[in-house]
Amino acid sequence: MTSELSRRERVRSAADAAVPSALADLGALVRIPSVAFPGFERAEVERSAEAVKTLVEGIGIFDTVEVKTARVAATGEEGMPAVLATRRARNGRPTILLYAHHDVQPIGDEELWESPAFEPTVRNGRIYGRGAADDKAGVMAHVGALRAFIDAVGTDFDLGINLFIEGEEEAGSGSFAQFLADNADALRADVIVVADSGNWDAATPAVTVSLRGNARFRMHVKTLDHASHSGMFGGAVPDAMLATVKLLATIWDDDGAVAVAGLHERDADTPEYDEATLRDEAGIPDGVSPIGRGTILSRIWNKPSVTVTGIDFPSVRNASNTLTPELSVVISVRVAPGQRAEDAFAAVQAHLTKNAPFGAEVSFHDVDLGDAFLVDTSGWAVAQAREALAEGYGVSPVDIGVGGSIPFIADLVREFPGAQILVTGVEDPHARAHSPNESLHIDTFRHALVSEALLLEGLESTTL
């Protein structure tokens with residue numbers, strides 16, 4: 001017992017010491033604009049993958065470290081590069097798979113950033129930059145925790161460790177399922193840690209126990225064969241924007257709650273969370289009211305939401321006195337846990353088709369579906385994770401739901417049904433992932449790295 005406690009203390013000390021170098025390497029990764037969306041430079045994603053590969057090779061424990069791709073099943077195109085590293089377990093010890101992703105969201109409107117998006121900048125205890133939190137911090141939490149674990153215990157240990165750093169999560173993980181199938185033996189694990197979620201707040205860790213699913217698609221609306229002068233025909237001819245506005249308005253009721261028949265809700269308790277906290281974390285100005293009904297967290301964790309995230313229509317700068325004949329909008333549906341994304345999309349599609357005004361032609365394209373996820377919290381690995389988080393943060397973890405989606409978790413469950421999946425993360429509610437001025441709270445990162453190193457130590461002491 002004394003030696004185990006001494007080893008755990010050594011791991012804790014090594015993890016604290018590993019933070020500065022991990023943050024420096026995080027800064028180098030943030031400088032690489034690894035956006036995997038169509039239209040962006042694939043070469044930058046490849047450069048990011050090579051940088052991650054170099055970091056992983058430097059850890060010095062893996063039997064293999066490779067940059068690999070798979071084909072996108074729907075199109076046959078080559079997916080974005082991922083980094084895969086493996087080390088086999090010995091003497092009855094478990095294998096842990098550590099997941100994160102090195103691709104990032106586009107920066108959006110550059111003028112909204114207070115400092116350059118791909119130049120990591122420290123302000124008020126936070127590192128600002130695209131990917132600083134989501135999810136290059138997850139990559140470096142894994143790398144830093146492994147460095148600390150090895151510094152404390154050496155390289156002669158029995159725990160199996162696989163590392164999978166994906167390169168296209170933000171763009172929809174198009175080749176993920178095929179990648180799992182192609183590399184099932186290398187990825188197989190008893191415990192899977194997905195470092196791509198958040199915490200209750202900057203000081204309180206969380207174990208994510210539910211995630212909403214998603215159904216994202218493009219809707220095309222057409223009302224005319226060609227454009228016409230708005231003065232000559234306005235008032236008698238329905239333009240596509242009029243039809244689209246009226247159609248979209250049917251999705252929500254007067255409270256802003258989703259009003260689509262066939263979308264389900266999950267009945268589950270939520271912790272206390274008041275409107276003042278919501279306003280602070282989401283940036284709701286005075287005078288603007290929240291939407292929906294029920295407890296605030298039930299609206300985010302357990303109920304569906306529908307958001308229009310993009311529209312193809314002449315910009316304000318290019319506006320003219322024209323009746324537009326057709327346009328497209330991108331719609332993102334968050335699906336409550338317990339409902340299949342396929343069924344949720346069918347419900348929304350039926351609603352929009354039924355309610356199209358003026359006989360507008362409505363069609364649906366580029367459908368992307370991902371199922372919700374409920375975590376089985378009864379396993380021994382979850383208990384070890386809670387213990388490590390409590391020790392690493394100095395505060396007991398909170399079980400949370402997340403309104404966002406990580407669709408590939410359903411693929412992990414299907415491919416590795418016996419694995420215990422732990423969804424953790426380094427973000428806090430002010431990280432602004434996907435938004436301008438994304439940032440990482442440095443102390444939260446420190447605690448996350450320490451906690452993961454302690455989890456590795458606990459798993460090394462576990463015999464299956």
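Val153 lies in helix H3, where helices are DSSP runs of H or I with at least four residues and strands are runs of E with at least two, numbered from the N terminus. With a relative accessible area of 22%, Val153 is partly exposed, a class that falls between buried (under 20%) and exposed (over 50%), using a 1.4 Å probe and protein chains only. This is a predicted model, in which local features need pLDDT of at least 70 and side-chain atom pairs count only at pLDDT 80 or more, while totals for chains, interfaces and linings use all residues. Residues are numbered from 1 along each chain as its sequence is written, and side-chain values use heavy atoms, with hydrogens and water left out.

- Leaving aside neighbours within four places in sequence, Val153 is in contact (heavy atoms within 4.5 Å) with Arg7 and Val11, and its C-alpha is separated by 29 Å from that of Leu440, 287 residues away along the chain.
- Leu146 also belongs to helix H3, which covers residues 136-153, and with 0% relative accessibility Leu146 counts as buried.
- Apart from residues up to four places away in sequence, Leu146 touches Ile59, Ile61, Phe62, Leu98, Ile161 and Leu456, and its C-alpha is 8.4 Å from that of Glu452, although 306 residues separate Leu146 and Glu452 in sequence.

- Helix H10 (residues 341-354) has 14 residues and reaches 20 Å from its first C-alpha to its last, close to the 20 Å expected at 1.5 Å a residue, the expected span being 1.5 Å times one less than the number of residues.
- The buried residues of H10 are Ala341, Ala344, Phe345, Ala347, Val348, His351 and Leu352; seen down the axis they fall within an arc of 160°, so they line one face of the helix, the arc being that of the directions from the helix axis to the C-beta atoms.
- These buried residues of H10 pack against strand S9 (213-222), helix H7 (240-249), strand S13 (326-335) and strand S14 (361-370).
- In helix H12 (residues 408-415), Phe408, Ile409, Asp411 and Leu412 are buried, and they cover an arc of only 155° around the axis, which puts them on the same side of H12.

**Cavities**

- The structure holds two cavities of 30 Å³ or more, a cavity being a set of points on a 1 Å grid over the protein atoms alone where a 1.4 Å probe fits but cannot get out, with lining residues having an atom within 4 Å of a point.
- The largest cavity has a volume of about 170 Å³, volume being the space filled by probe spheres set on the points, which are joined across faces, edges and corners.
- Of the 17 residues that line the largest cavity, Leu389, Thr424, Ala448, Ser451 and Glu452 lie nearest its centre.
- The second largest cavity has a volume of about 60 Å³, and strand S6 (160-166) and helix H4 (176-182) each supply at least two residues of its lining.

**Backbone geometry**

- A cis peptide bond, with omega of about 5°, joins Asp134 and Asp135, and Asp135 is placed in the loop between strand S5 (126-128) and H3.
- Asp366, in strand S14, has a positive phi of about 50° although it is not a glycine, and Asp366 is exposed with a relative accessible area of 54%.
- Most residues other than glycine have a negative phi, and most peptide bonds are trans.

Key
On a 1 Å grid over the protein atoms alone, a cavity is a set of points where a 1.4 Å probe fits but cannot get out, and a pocket is an open set with protein on both sides within 12 Å along at least five of seven lines; lining residues have an atom within 4 Å of a point.
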